[in-house]
Structure formats: structure tokens, C-alpha cells
Amino acid sequence: MSLIDSASLPRSFRLPRVDGLIQWIVPLLIIAVWQLACATGFVPTRVLPAPSDVVLAGWKLLLSGELVRNIWVSFWRASIGFLIGGSIGFVFGLANGLSQLSSRLTDTTLQMVRNVPHLALIPLVILWFGIDESAKLFLVALGVFFPIYLNTLHGIRSVDPQLIEMGRIYGMTDGELFRRVIFPGALPSIFVGIRFALGIMWLTLIVAETIAASSGLGYMAMQAREFMLIDVVVLSILIYALLGKLADSASRVLERLTLSWHPAFQKR
Amino acid sequence: MQTAVRTMLPQAELASRAHFAPQARIVREIQPAISRGLPLNIRGLRKSFGDNEVLRGIDLHIPAGQFVAIVGKSGCGKSTLLRLIAGLEQITAGNISLSEEARPEDVRVMFQEPRLLPWARVLENVEVGLGRERASADAHGRAEKALGEVGLADKRNQWPSVLSGGQKQRVALARALVSSPRVLAFDEPLGALDALTRISMQRLLERVWRDQGFTAILVTHDVSEAVALADRVLVIEDGRIAQDVTISVPRPRERGSVELASLEGSILRHLLSGDERS
């Protein structure tokens, strides 16, 4: 027993560090090849600016405060829209998962709305809200609503009925049954919904900002296109990638914290 | 792991026997008088699912503290009988009467699956068994005591997913025991375990039954298990009690003894005779 313990100890220390680095090898390699291709003139800078130029453009925008302001605006829209749409989706998912009546009443309607691509509503939303903040928040909230609704509903419906029966036998009240059995059982599925929703959140926001906005990352990219500032366009795209990765990592950390009981998240 | 459990268990039993032998004897001598079990009366019990009549009139009296095993072919209605006793299904006709003082915590069920909450640590899972007394101040202490009784005190802070099948089932047993039930119904609790774990679990079941004196009702498809553990074996066929066998072999019973084997043989012959006729 002690032999196994001492053998596995250094490995469990080493693994996370290697894991942390290994995922960045491919992105770094791509940037290196890209820089090389631009430096040798293989790719004309009019088509694709070198990474160093992009960093330079980013630095200039950072100094002028424009970059931080635009990222902040986009981040704010994304989070508020996510919170609104996510909470509504979560509430409907709970209600329809727990109550037959609520499910009969609303599920069909929600399924119909779900099948309308929410970005197709952009013209209508502009007519309703103009290019105001509310237009973007509405679109993000709508986009985020469905993955969270569907996965919450699915999570609650697929909780092991044997566990629910067990809870009833042991005298759990409805509230306790929800808190101790149904909600924790639905949680892995709810997290799947959250991660889907985070992807849709960025997609919706960027499209909305590209079409109609006066600030934000999407707006910054569109402005840069007008003035042929290709380095700023590329910069915006790279920032999307980083923000997307950041949101995904955040949800993973949350998952790890709340699902530590799950065999898939157990570090051994 | 499996062998470790097996070799450790008898040692632990020996040790505790050596230490507590005098007290244990006293407890056993006065046990019939203070038996905590509840008697059970079943009259004309019927149960149908739609057109399918599963139980066709069961009359049964189980005295307090008796260990009854129910055997039968799959689909004979033995699990349904157990679920009715445990109050998990609605009775179609007839009645099951427990004593009037029985509280919900007095009847507990243990299933073939451990049914542990995967998101709760072992100790917390055992506390679930306290029912309405879960919030009481001594909940922790009682859960730990129950966990100690099944020999898993050191696993209290583990997640269920890291336990072996036999350990999970022992946690489920601790959860059923923690409220000190007076009737404990087992629905093939050992059906999914390997042969060796099974034998050590059977010994554990017998031990806790003797220590706590509850009325035990064990549904099993394993006739040798029924004969080894029970005071009385009921054979159910086509929704009726076809045979009621009293097992008077003194305890502790020697596994594989001639007496048990002949009893097992006669019950098996009865169970299989239907096949030959058809």
C-alpha cells in the first residue's frame, strides 16, 4: 500500500503542470509559423499582418484606453445578457422538469420559439430597440435561454428514479428531495447547458455588435475594417478567442468545485 | 481488496467476540424478552397491475423478531410482496397490519442497488437514514455508530464512487440501520455481489439482526442463502404461499452442513417440480 502511495505521489504533482503547458503548445506553434510566414514575405501583410504588428496595434489601443473600454462594454453586455437569459431558462427548466402542468402549458411554445434562429430576429430587434444596449441584451438573453432551459429540464427529468424513491422512503419532504437529490442530480447536465450557453453568448454578442452598435469589440472590428486597419481586425478576432477560452475555463473551475463527487472530476 | 475484506472481517469478529463475550451472552439470553422487532399480520392480500394479478391472496403472520426469507422464481410476486410491506405500492385488496405504535422510521428497506447519493459523502448518506430525525443534534454520532457496525468507520469521508460494490451495500445497510428500525425488508440485497463478498455480507446481516432484534424479511432467489440465514422460508408460487418451511437448525450455522443442504434440496425440488410438469 505504502509502495503504491509513494510511487503515485510525484506523478500527481507533475501531471497538472505538464497539462497546463501542453495545451498552449499548438497555439504558440501556430503564432510562430505565422510570424515566420509574414517575416519572410510569404504572406503579404495586406492579407494578414504579422503577430508582432497585431500586438503593436493592441498596445496602441491599450494606451489610448479604447481597447479596455470596448472589452469592458462587450464583457458587461455578455454577462448581463447571460444572467438574464440564463436565469429565465433555469427557472423554466426547473418548473417544467418538476411540474407536469407547467410543462404542458409552456413546453410546446418554447420549443416553437427555439426553432427560430435567434439571429434572424436582428432586424426586428433593431426596429424595436434601435441600436441601444437593450437590443444586444435581448439577443444574448434569448440565445442563452435555450441551452440552459433544455439542459436543466433534461437534467431534472433524468435523475435516477430509484434515488427519488429512496428519498421518499427515508421521509424527505419535497423541499429536501429537491435540495438533496434532484438538484445535485441535475447539476452535471445544467453545466453542459452553461457551457453551450457561453459559446452562444459570445457568438450572439459579436454578431449583434458587428451589425448594430456604437461600442464594443464587434464595433471596434467593423470600424477598423472601414479604415482598412487589418491589424485591429485580427486583434479583435484573437480577443474573441481568448475571451471564449476564459469563459470556458471559468465554467470548468465551477464544475470542478461543485461536482467533486463525480468520478470524472476526481483527482486521484 | 475483496480478499482483504474477507480476511479482516472474521478477525475483527473474533476480536470483538473475545472482548465482549460476557456482555454478548447476556444480551443474547434476554433477547427474546426485549426483542425490538414488530410482528406483522397479512390478511387476504391481493395486488394487481392492470389485468395482471401478481398476488392472489396471501395470509401470513410473522412474529416479532423473526427472520423470514421469501424465495420463488422471478415474477412470482415476491418482490411485490416486499414492496407492499414496505409501503412502496398500493394494496389492491386485503390488509397488512403492523403494530399501531409503528413510526415511518420503524420500517426500512434495503434494495439490490445500494441507491447511495453519489454527491454525498458516506457519512452523509448514512444520515439520510435518520428520516425526520436528520436534524437532531446526535445525528452525526448515530450515523458514525451505524457505519462502525458495518465496519466502514474509516470510509466516512469518501465519495460512494470510490467504494467497491460490497462496501456500497454495507453503507446502504448502515443507512437502513441508523434509525434502529423494527422491521427491515431486504429486496435481494446481495444479488449483485460476487460470491465471496456475498458470504461476508450474509454473516454481517445475520450479526446485525441478532444484535438489534428487528423483524427481518429477506427476498432472495438464492435458496441456500435463505436456508442459511432465515428462521423460516416461504416459497411463493403464482402469487400464493406454496410452502412454509421452518428452519430449526441452531445458530451459528455451519455453511455447507448436511442439514442445510437437505433443506435446500427439498425446497429447490419443490420450486423446480413445476417446470417438469409443464
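Select helix α5 (residues 165–177) of chain B and helix α6 (residues 195–212) of chain B, whose axes come within 11 Å and cross at roughly 15 degrees; helices here are DSSP runs of H or I of at least four residues, numbered from the N terminus, and axes are lines fitted to C-alpha atoms over the stretch in contact, with angles running from 0 to 180 degrees between N-to-C directions. This is a predicted model, in which local features need pLDDT of at least 70 and side-chain atom pairs count only at pLDDT 80 or more, while totals for chains, interfaces and linings use all residues. Residues are numbered from 1 along each chain as its sequence is written, and chains are lettered from A and ligands numbered from 1 in the order in which they are written.

Because angles under 35 degrees count as roughly parallel, α5(B) and α6(B) are described as roughly parallel to each other. Show next the residues of their contact (C-beta atoms, placed from the backbone, within 7 Å), including Gln169(B) and Arg170(B) of α5(B) and Met201(B) and Leu204(B) of α6(B).

Stay on helix α6 of chain B and pick Leu196(B), which is partly exposed, with 13 other C-beta atoms within 10 Å (buried means 20 or more, exposed 12 or fewer, and partly exposed in between). The C-alpha atoms of Leu196(B) and Gln169(B), 27 residues apart along the chain, are separated by 14 Å.

Finally, select Val233(B), which is among the residues touching the most other members of the largest nonpolar core, a set of 126 residues. Leaving aside residues up to four places away in sequence, Val233(B) touches several residues, among them Ala69(B), Val245(B) and Ile267(B).

How values were computed:
Helix = DSSP H or I, 4+ residues; strand = E, 2+ residues; numbered from the N terminus. Parallel < 35°, antiparallel > 145°, perpendicular 65-115°, else oblique. Contact = placed C-beta atoms within 7 Å. Core = buried A, V, L, I, M, F, W, Y, C linked by C-beta atoms within 7 Å.
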